[in-house]
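I set out to look up helix packing, the ligand shell and a few backbone details in this entry. My notes follow in the order in which I took them.

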Amino acid sequence: MVHYYTAGESHGSKLVTLLEGVPAGVEVQTDDIVLELAKRRLGTGRGDRQKFEKDAVRIVAGVIHGKTIGSPIAIEIENSEWHKWDKIMSPDPYDSSALNSQLQPNVPKKERSSQLVKPRPGHADLEGMLKYGFATARNVLERASARETAARVAAGTVAKKFLEQVCGTTVRYQVVQFGACKRQDATDDNEFMQLCENAALDAKKRGETIGGIVQVIAEDVPRGLGSYATGKTRLDAALSASVMSIQAFKGVEIGDGFALATTFGTEAHDHIVLDEFGALTRTSNHAGGIEGGISNGMPVVVRAVVKPIPSVPGGLPTINMQTRTEDSAHSQRSDTSAVFPASVVASSMVALTLADFVCSKFGSDSLEEITANFKAHQLRIRNLVERGVDV
Ligand SMILES: Cc1cc2nc3c(=O)[nH]c(=O)nc-3n(C[C@H](O)[C@H](O)[C@H](O)COP(=O)(O)O)c2cc1C
């Protein structure tokens with residue numbers, strides 16, 4: 001129902017997002033996207049590129065006077081650094097010998113194509129070069145780079161607005177672990193942030209990068225999204241796949257996830273009890289809001305591991321593809337950690353997936369129609385939960 005495409009290279013003129021299937025009537029404005037993108041750009045561990053790369057956003061289709069019109073939504077994010085890259089990244093042919101001359105003096109020497117013959121372990125560089133037959137990693141890294149996630153965040157902003165407006169669903173996110181720093185070990189948010197800052201500074205000094213764990217919690221998710229009927233229709237499977245599709249994500253869990261391996265069956269599940277008014281309820285949320293692939297009305301909890309950024313300052317051991325000799329990987333300007341921005345991206349993917357499932361269940365034409373269907377569903381479910389069903 002709701003699905004997105006992105007196009008664009010890291011140093012290309014712009015990123016483009018196409019978002020299809022968003023119903024008519026969703027209130028969304030350019031500033032909403034700008035705000036969300038700002039959250040992706042900043043955070044502990046971010047480096048220089050983020051400081052001077054501003055995200056200039058333009059909604060070019062599908063929204064009129066602040067409301068979606070039910071047609072595909074197109075969003076562009078300009079590359080403010082394009083003037084430095086317009087020749088290296090020119091879509092039309094150019095004299096390639098000019099690349100290493102004075103033609104593009106603003107581009108640091110190490111970022112010119114001639115330098116990109118030393119593939120970075122942990123990136124798509126080597127496998128991309130081999131798969132597509134490229135002599136340098138330029139064409140690979142331009143698309144494999146996580147700059148693409150800005151386009152996902154733009155799409156996710158629309159999905160978040162839709163979810164809020166149709167069923168009051170909110171999608172919150174946070175970093176729960178940054179390297180060895182765990183949120184649960186800190187007394188409060190400030191202390192945790194300070195620990196993360198210190199860890200990032202220390203890592204930077206040592207020429208290291210840091211991974212971590214992000215958590216996304218969606219509250220007020222309607223019951224009944226997804227189904228056990230097939231693997232494809234399971235909400236947990238779709239959420240995992242969408243979060244796992246983000247660059248650098250290496251593991252996803254729903255609810256207690258991997259901790260369930262060491263939990264006994266009597267403690268691992270959310271017992272069904274009656275509340276003081278005789279309605280069905282749960283005393284815990286180990287399942288993270290999903291049972292049998294179906295949302296159960298509890299908060300949907302997704303956690304995921306982000307690996308340390310593979311572009312380490314000194315460059316990891318690799319082979320120079322031109323000379324076939326041992327070398328250090330080319331090191332592009334890079335951050336110390338992607339964990340904080342990755343948490344924003346993860347929330348965007350969760351929102352896009354939930355929006356898709358909401359439309360599958362309640363309709364996809366207009367906010368008005370979906371809201372009416374959602375309310376009827378809520379009433380039906382409430383009756384069943386409060387009063388029961390004749391068996
Ligand atoms: C938001 C975000 C920002 C990232 N920034 C960088 C970066 O500055 N430098 C880097 O080497 N990798 C960065 N990465 C990670 C790489 O994009 C990723 O590891 C690479 O594309 C290889 O893909 P894979 O790890 O999924 O195999 C970032 C990832 C995310 C999600």
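I began with a helix pair and found that H8 passes H10 in a right-handed crossing. The model is predicted. I read a packing angle of about 145° between helix H8 (residues 235-244) and H10, with their axes 9 Å apart. On the H8 side, I listed Leu-235, Ala-238, Leu-239, Ser-242 and Val-243 as the residues that make the contact. On the H10 side, I listed Ala-346, Met-349, Val-350, Leu-352, Thr-353 and Phe-357. I sorted the residues of this contact into nine nonpolar, two polar and no charged.

I then turned to the ligand. Which helix gives the largest share of the shell around the ligand? I found that helix H10 (residues 339-362) does, with three residues. Of the 20 residues around the ligand, I noted Ala-146, Gln-247, Ala-248, Ser-311 and Ala-338 as the nearest. By class, I recorded eleven nonpolar, seven polar and two charged residues in the shell.

Next I checked the length of helix H11 (residues 367-387). Its 21 residues should span 30 Å at 1.5 Å a residue, and I found its end C-alpha atoms 29 Å apart, so the two values agree. Just after H11, I noted a positive phi of about 90° at Gly-388.

I found S1 (residues 3-7) and S2 (residues 14-20) paired in the antiparallel sense over five bridges. Within S2, Thr-17 is the residue opposite Thr-6. I counted six residues between the strands of this hairpin, where Gly-8 takes a positive phi near 130°.

Key:
Residues numbered from 1 in each chain as written. Predicted model: local features only at pLDDT ≥ 70, side-chain atom pairs only at ≥ 80, totals over all residues. Pairing = 2+ DSSP bridges. Helix = DSSP H or I, 4+ residues; strand = E, 2+ residues; numbered from the N terminus. Expected span 1.5 Å × (residues − 1). Near = placed C-beta within 6 Å. Nonpolar A, V, L, I, M, F, W, Y, C, P; charged D, E, K, R; others polar. Axes fitted to C-alpha atoms, helices over the stretch in contact; angles between N-to-C directions. Left-handed = near helix turned anticlockwise from the far one by under 90°. Contact = placed C-beta atoms within 7 Å.
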